[in-house]
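Trainee: Could you take me through this structure slowly, giving the reason behind each term as we reach it?
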Amino acid sequence: MAPGPFSSMLLLPPPAALSFLLLLWTGASRGQPCPGRCICQNVAPTLTMLCAKTGLLFVPPAIDRRVVELRLTDNFIAAIRRRDFANMTSLVHLTLSRNTIGQVAAGAFADLRALRALHLDSNRLAEVRGDQLRGLGNLRHLILGNNQIRRVESAAFDAFLSTVEDLDLSYNNLEALPWEAVGQMVNLNTLTLDHNLIDHIAEGTFVQLHKLVRLDMTSNRLHKLPPDGLFLRSQGPGPKPPTPLTVSFGGNPLHCNCELLWLRRLTREDDLETCATPEHLTDRYFWSIPEEEFLCEPPLITRQAGGRALVVEGQAVSLRCRAVGDPEPVVHWVAPDGRLLGNSSRTRVRGDGTLDVTITTLRDSGTFTCIASNAAGEATAPVEVCVVPLPLMAPPPAAPPPLTEPGSSDIATPSRPGANESAAERRLVAAELTSNSVLIRWPAQRPVPGIRMYQVQYNSSADDSLVYRERNKRNPSLSERGD
């Protein structure tokens, strides 16, 4: 029947819109109300909450704790508080990208045991601490790119070392990375570190990362790269990985010598590396440089201690050894008995190659050998050390025989002080012992007029080597304290 002039008409939405409205209403009715301006979808068994571009200043407290996917992108959230995600044990995907997050409370993600993906990119994080990511035992994807991160603690990745597959720290201010932790990420597929300030990669970092298919370190400060077994396996004989390895090192100030031949020999589609040094290879692409131009220079010792060093036992001696070469040589020292010397209580090898022996012993007499080595070879230089022993102290003169006792007389004769003291009471006494001091006392040696010199010496209990000796030619008091 056609509607009359006074009839009312019910306008119904299209079927698709009606279904969507019913879905939203059903999801809100089963759990907590959906936060304002957010979209909540409840398609069993997945509850999804989308709060993008809603002007949020903090994580809404009215989030259903059963949520599986939570997206809070493009807001103004400045901090993640300890209870923001409490009891969200079903949360699998959390996106906090493009906020202003500068602080993450310790344990803020501790309840997210099922979380597989955490997106914190494009925020204002300055560091990643070990207590911030605690509890993420199933994490697969950690995206931290485009922040202001300067430091990553060595324990920051401990919770997910064996599960993480994708780690993105690109566009930050990192000068270093906990490489030992990275080397334990055995399921890692993608490692993205481009546009940082990293100038060193620890040798052997990637040996166990057999699943790595992409490594991006473009635009850092790397001068050299260690030849890792992972790179060599991807090109050598034997079974190849199902997905070829892609490595990118362009935009680094690489020093092109023989240590980088392995990178020159890799067959890749994106070979964009250029040389920064040496001068005759500056700005040239790797693929355009013949292998024979990747040269190294063997070490040359340019400065060393004289052929012989004379030192009195117990004194210090410094043996100099400097070398040049390409790459820069590493200097080691070998003792006369063949031991490789390192930093210890008596010896120290400085960064410039100088060996300091702080306390010499008679066993140091002989030939010390300086060895300078690099990838092209080694050079050696001997230094003879002669340790002059100190003279043994002569025993003190024997005390004169005691005076005869006076005979009977009417005149009283006073006895000598100490005449009745035992021999033990006349010995040296060490008192008030601490870890670094001792009080030494000895009695007056009468009728000796005075002590002209004394010497205090103590040796190491481990090898009986001389540790410290002090001599004094003044007339001391009857006690002397030494630290």
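Mentor: Helices are DSSP runs of at least four residues and strands are DSSP runs of at least two, numbered from the N terminus. On that basis the protein chain, which is a predicted model, comes to four helices and 31 strands.

Trainee: What makes strand 18 and strand 22 edge strands?

Mentor: Five strands form an open sheet in the order 18-26-25-21-22, with mixed pairing. Strand 18 (308-312) and strand 22 (340-341) each pair on one side only. Within the sheet, strand 21 and strand 25 pair in the antiparallel sense over five bridges, and Trp333 has Cys370 in strand 25 as its bridge partner.

Trainee: How do you know that Cys34 and Cys40 form a disulfide?

Mentor: A disulfide needs two cysteine sulfur atoms within 2.5 Å, and the distance from S to S for Cys34 and Cys40 is 1.9 Å, so a disulfide joins them. The torsion about their S-S bond is about 85°, so this disulfide is right-handed.

Trainee: Why is Cys40 called buried, while Cys34 is called partly exposed?

Mentor: Buried means under 20% relative accessible area, and partly exposed lies between that and the exposed range of over 50%. Cys40 has 12% and therefore counts as buried, whereas Cys34 has 26% and is therefore partly exposed.

Terms used. Residues are numbered from 1 along each chain as its sequence is written. This is a predicted model: local features need pLDDT of at least 70, side-chain atom pairs count only at pLDDT 80 or more; totals for chains, interfaces and linings use all residues. Side-chain values use heavy atoms; hydrogens and water are left out. Two strands pair if DSSP finds at least two bridges between them. Buried means under 20% relative accessible area, exposed over 50%, partly exposed in between (1.4 Å probe, protein chains only).
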